[in-house]
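Let's take a friendly walk through a protein model, one step at a time. Have the sequence and the 3D view ready, and look for each part as it comes up.

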Amino acid sequence: VFMFPTKGNKPASTGSGFTLVELMVGMSLSFVVIAVTLAAYTFVGRNLTRMANTQQLEAAGRRAFFLLKSDVRSTTQIKTAAANSLVLTLPTKTVTYSYSNGTLTRVASVVVSPEDVLLTTDPRAKILTHLTVCNFNYFDPSGNWISSASTYTMSVKEVELAFSSSLSNSADNLKTTKYTAVSPRVPLNNRSLPVL
């Protein structure tokens, strides 16, 4: 007996699968998801880089402020007080701070503490790097800013350090970290000042 298929008894189609339109929609959605995921990873990566750079710059700034505060508070005489350099006479040594080519260095005349180094070529002498601006500011006993401190070193009662730095670990400008800080004014406690 020969059988013909009827309407309710269709044979199974051998070409089942996705249509071209379904494939294109699926691929488009996949590309969007991949693009969003890559953008999110890039954003997170840049933020983590900036956070790490900020932490590094802040730690260096805190160390520089601590050293300056320790030195200025025990200073008996200021030998040089310029915008980019400061030479302090302490009871046991002379300490020189100098800013040049994006680096603030601290050098002592003798080694008294672990922070003391004798040569600017010693890597430990570099207490701040990646600087774009670095200035020492000086104030008289009344709290007034002294514009030419090198002329009036005997009038200096307080010292302040202000700096800006910029750090980037790659050529990507979006990963560049900029950091600016100003130390509190540090008074000279070990020196008697002339009456003005």
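Predicted model: local features only at pLDDT ≥ 70, side-chain atom pairs only at ≥ 80, totals over all residues.

Strand S4, which covers residues 103-108, pairs with S5 in the antiparallel sense, over two bridges. What order do the five strands of the open sheet have? The order is S1-S2-S3-S4-S5, and the pairing is antiparallel. Strand S1 (77-81) and strand S5 (126-128) stand at the edges with a single partner strand each, so one side of each has no neighbour in the sheet. On average, neighbouring strands of this sheet are turned by 20° against each other, direction ignored. As background, strands of a sheet pair through backbone hydrogen bonds, and the pairing can be parallel or antiparallel.

**The helix that packs on the sheet**

Helix H1 (residues 20-73) packs on this sheet and touches strand S2 (85-89), strand S3 (94-100), S4 and S5. The direction of H1 makes about 110° with that of S5. H1 has 54 residues and reaches 79 Å from its first C-alpha to its last, close to the 80 Å expected at 1.5 Å a residue. Which residues of H1 are buried? They are Thr49, Asn53, Leu57, Gly61, Ala64, Phe65, Leu67, Leu68, Asp71 and Val72.

**The whole chain**

Now step back and view the chain as a whole. The protein chain has one helix and nine strands, and along the sequence they follow the pattern α-β-β-β-β-β-β-β-β-β. Of the 196 residues in the protein chain, 34% are buried. Among contacts with a separation of 6 or more, 53% are between residues 24 or more positions apart. The protein chain exposes about 12,500 Å², and carbon and sulfur atoms supply 61% of that area.

**Salt bridges**

How many salt bridges does the structure hold? There are five, and the table shows some of them.

| Salt bridge | Distance, N to O |
|---|---|
| Asp71 and Arg106 | 2.9 Å |
| Lys93 and Asp116 | 2.8 Å |
| Arg185 and Glu158 | 3.8 Å |

Take the salt bridge between Asp71 and Arg106. Asp71 lies in helix H1 and Arg106 in strand S4, so this pair ties together parts that are 35 residues apart in sequence. Asp71 is buried, with a relative accessible area of 4%, and Arg106 is buried too, at 3%.

Next comes the salt bridge between Lys93 and Asp116. This pair links distant parts of the chain, 23 residues apart: Lys93 is in the loop between S2 and S3, and Asp116 is in the loop between S4 and S5. Lys93 counts as buried at 9% relative accessibility, and Asp116 counts as buried at 3%.

The side chains of Arg185 and Glu158 also meet in a salt bridge. Arg185 sits in the loop between strand S8 (177-182) and strand S9 (186-187), while Glu158 sits in strand S7 (residues 158-167), so the pair ties together parts that are 27 residues apart in sequence. Is Arg185 buried or partly exposed? Arg185 is partly exposed, because its relative accessible area is 38%. Salt bridges that share partners also join Asp71, Lys93, Arg106 and Asp116 into one network.

Phe163 lies in strand S7 and counts as buried at 2% relative accessibility. Leaving aside residues up to four places away in sequence, Phe163 touches Gly61, Phe65, Leu128, Leu131, Val133, Cys134, Tyr179, Thr180 and Ala181. Phe163 and Leu128 are 35 residues apart in sequence, and their C-alpha atoms are 9.2 Å apart in space.

Asn137 is found in strand S6 (residues 131-139). Why does Asn137 count as buried? Its relative accessible area is 17%, and buried means under 20%. Which residues does Asn137 touch, not counting those up to four places away in sequence? Asn137 touches Trp145, Glu158, Val159, Glu160 and Ala162.

Key
Residues numbered from 1 in each chain as written. Heavy atoms only, no water. Pairing = 2+ DSSP bridges. Helix = DSSP H or I, 4+ residues; strand = E, 2+ residues; numbered from the N terminus. Axes fitted to C-alpha atoms, helices over the stretch in contact; angles between N-to-C directions. Contact = heavy atoms within 4.5 Å. Buried < 20%, exposed > 50% of the residue type's maximum accessible area, 1.4 Å probe, protein only. Salt bridge = Lys/Arg side-chain N within 4 Å of Asp/Glu carboxyl O. Areas by Shrake-Rupley, 256 points an atom, 1.4 Å probe, with all protein chains shown as cover. Expected span 1.5 Å × (residues − 1).
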